[in-house]
Every structure is written in structure tokens, then in C-alpha cells.
Amino acid sequence: MTELIPGLIAADDVPVDDRSPAPTELQVIGLDLSITSTGVCRTDGSTFRIRTRQKDGPRRANVIRDRLAIEVAEQRPQLAVIEDLPMITGRMSIANLKTIAGLHGVVLSVLVDADVPWAYVTPKTLKKYACDNGGASKEDMTAAAFLANGATFDDDKGGDQVDAWWLRAAGFDWLGLPLFTMPEAQREALCKADWPDAYAQRYVMGAAA
């Protein structure tokens, strides 16, 4: 039996569901936005980071915006799934919150210009979906991705890429077209995410294809 990751059932212990596999024409991207290192999962499931330098100051958001504009133009996704803004805590300054909120604003403008709808998934919901544990560590998320679909990530100390990978997977799951077998209890966590209105119906009817 495959070794268990906390909160995730080994693949060979989960009954295979009868839903259709995701069609190749459906294009979803995952975005874990950060002013220092943004994680991106492309429509083909590959991942990378967009890193910026502190000395670039306010232009750091422009670097991320411009790179994502190129990715969106090339990949033409039909849905972007984004990790939601962090909750305000005692460890987060107002300046930091303004910075990440500003980054979200410029990224959403890229998606609006490209007519790409987006969903927001909180970090807790994403961890619950991936590991059945809202407090899962980055190591747990990485191990769960490997167990779920053999995914590995190079140069991902901060977990930016693995989070983006799980965000993309969450998009397919929400559309009812899972990329791999998952326990239903973990899939149900996605009901708490902020999904675009009627997007699933648009896809089914062919309007988003």
C-alpha cells in the first residue's frame, strides 16, 4: 500500500469515480500571487515562479503583470484560479497588505482585458482540499501533489508552485472534471471558494470552450 500523507488517502485505496476525465481543450491556470515570488501553473500543468527584486520597488508589480499578460495571451485560459488575499494578522503590516492588494488589482486587469473569468480560493480551503487539513504545511502540499498525480516541483522552497498547481486542479474539480481521484470529503471543501457566477454552466453549454 502507498504510504499515506496526512489527510490524503493513498490513490490505490480510493474507489475510482465515474466522472469523465478533463477534456484537453479545457484550459485552466493557477496563480499564487506574491510580490516577491508568484507561483504560476500553466494550462499544461507545468509550473514556474515569477521572481522580482526589492530594488525594483513599485515596478515589481509591473514585472509580474507583464509576464502574466504574455502567459495569458499565449495560453488563452478559460478560467484562472487565484489564491485569495491573506487574512489580516498581527504579523502583517498595512503596507504589506496594500502591496499584495495592489498586485491582485493589476493581475485582475490582465484577466479582464483577456476576458478570462477568475475564482478565488483561500489558503485554508486549498489546504483542506489538497490534504484534508486547513493547517497543512508546504511539505504536506508537495507530498500530496506527488501522491495524487506524481507531480514534483523544482526550486519551490516557498511552496509557490505547488500552491499554483493545486489551484489549477481545484478549477478542474469544481467544473466536475477532476484531473485525478480525490476523496469526496476533500472535494466538498471547494464549495467555500469564490467561483465565477454560472461559469460551469457556460462551459457545459460550450460558451466557455
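This is a predicted model: local features need pLDDT of at least 70, side-chain atom pairs count only at pLDDT 80 or more; totals for chains, interfaces and linings use all residues.
Two strands count as paired if DSSP finds at least two bridges between them. Strand β1 (residues 28–32) and β4 pair in the parallel sense over 4 bridges. Here isoleucine 29 stands opposite alanine 80. Strand β5 (residues 118–121) and β4 also pair in the parallel sense, over 4 bridges. On this side, alanine 80 stands opposite tryptophan 118.

In β4, Leu79, Val81 and Glu83 point one way. Ala80 and Ile82 point the other way. All of them are buried.

A search of the whole structure finds 6 aromatic pairs. One of them joins phenylalanine 153 and tryptophan 165 edge-to-face, at 6.1 Å centre to centre and 75 degrees between the planes. Phenylalanine 153 lies in the loop between α4 (138–149) and α5 (160–174), and tryptophan 165 lies in helix α5, so the pair ties together parts 12 residues apart in sequence. Both residues are buried.

Tryptophan 174 and tryptophan 195 form a stacked pair, at 4.6 Å centre to centre and 5 degrees between the planes. Tryptophan 174 belongs to helix α5, whereas tryptophan 195 sits in the loop between α6 (184–187) and α7 (199–204), 21 residues apart. Tryptophan 174 counts as partly exposed because its relative accessibility is 25%. Tryptophan 195 counts as buried, at 10%. Ring pairs also link Tyr129, Phe153, Trp165, Trp166 and Phe180 into a cluster.

Definitions and conventions. Residues are numbered from 1 along each chain as its sequence is written. Side-chain values use heavy atoms; hydrogens and water are left out. Rings of Phe, Tyr and Trp (its six-membered ring) pair if their centres lie within 6.5 Å; planes under 30 degrees apart count as stacked, over 60 as edge-to-face and the rest as tilted. Helices (H or I, at least four residues) and strands (E, at least two) are DSSP runs, numbered from the N terminus. Buried means under 20% relative accessible area, exposed over 50%, partly exposed in between (1.4 Å probe, protein chains only).
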